[in-house]
Amino acid sequence: MQIALANPTHIFEVVHFFNVNLDRKNSAVFSDEFFCPLGIKAAIRRKQMIVATVEGQVVGAFRFYRKKTQNKISLYQFAISEVYRGQGLLKKMLNTINDLPIVALCPTDSNFNEYYYKSGWKLQEQSNVFKIWVFSNEGR
C-alpha cells in the first residue's frame, strides 16, 4: 500500500472513488460539494488530497485545507473503500500530514460522530449544527 499526495493523473479515479464510496444518504455527508468533480480536481491540483493506493487502485482518499492563520488542518472529506474500513487506514493517512492538529466537522445529529469517538478523535466543541472533532499526534 502506498500513501501519498494525489497527482493530476489520479483525478478521474478519485472522482469515481468518492462517487462510489460516499453515500449521499449518510448523515455525515452534509454538502453536495463532496461530490463535485471540479472541487476534487482543484484540491488535487492544490496538493490538498491524500490517496492510499493498492496496486495502483485508490482505496482511500481525503481532502484537506491548511489553515495557517489558525494553526490547524481542516479535514474536508474522506472515504475508505469498504474492504479497508476498520483497519486504521484513515489514521495512517492522516499521519502523513499531521504536523498540526486536524479538525473535522460532523453534523451534531449524525450517527457518524460515533466513528470519531471510537477512533480516538477528541471532541473540541459542539453547536446545534456541528460537532468539531480534533485528531492530533500529541501523546500517540
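This note goes through the aromatic pairs and the salt bridge of a predicted model.

1. A search of the whole structure turns up eleven aromatic pairs. In one of them, the ring centres of F78 and F112 are 6.0 Å apart and the ring planes stand at 50°, so this pair is described as tilted. F78 belongs to strand β4 (residues 72–80), while F112 sits in the loop between β5 (102–107) and α4 (113–118), so the contact ties together parts of the chain that are 34 residues apart in sequence.

2. F78 has a relative accessibility of 14% and counts as buried, because buried means under 20% relative accessible area. F112, with a relative accessible area of 24%, is partly exposed.

3. A further aromatic pair is made by Y116 and W121, whose centres are 5.0 Å apart with 80° between the planes, an edge-to-face arrangement. Both Y116 and W121 are buried. These residues also belong, together with F78, F112, Y115, W133 and F135, to one aromatic cluster.

4. Turning to charged side chains, the search of the whole structure finds one salt bridge. It is formed by the side chains of D99 and R66, at 3.0 Å from N to O. D99 lies in the loop between α3 (89–94) and β5, and R66 lies in strand β3 (residues 57–67), so that the pair links distant parts of the chain, 33 residues apart.

How values were computed. Residues numbered from 1 in each chain as written. Predicted model: local features only at pLDDT ≥ 70, side-chain atom pairs only at ≥ 80, totals over all residues. Heavy atoms only, no water. Phe/Tyr/Trp six-rings, centres within 6.5 Å; stacked < 30°, edge-to-face > 60°. Helix = DSSP H or I, 4+ residues; strand = E, 2+ residues; numbered from the N terminus. Buried < 20%, exposed > 50% of the residue type's maximum accessible area, 1.4 Å probe, protein only. Salt bridge = Lys/Arg side-chain N within 4 Å of Asp/Glu carboxyl O.
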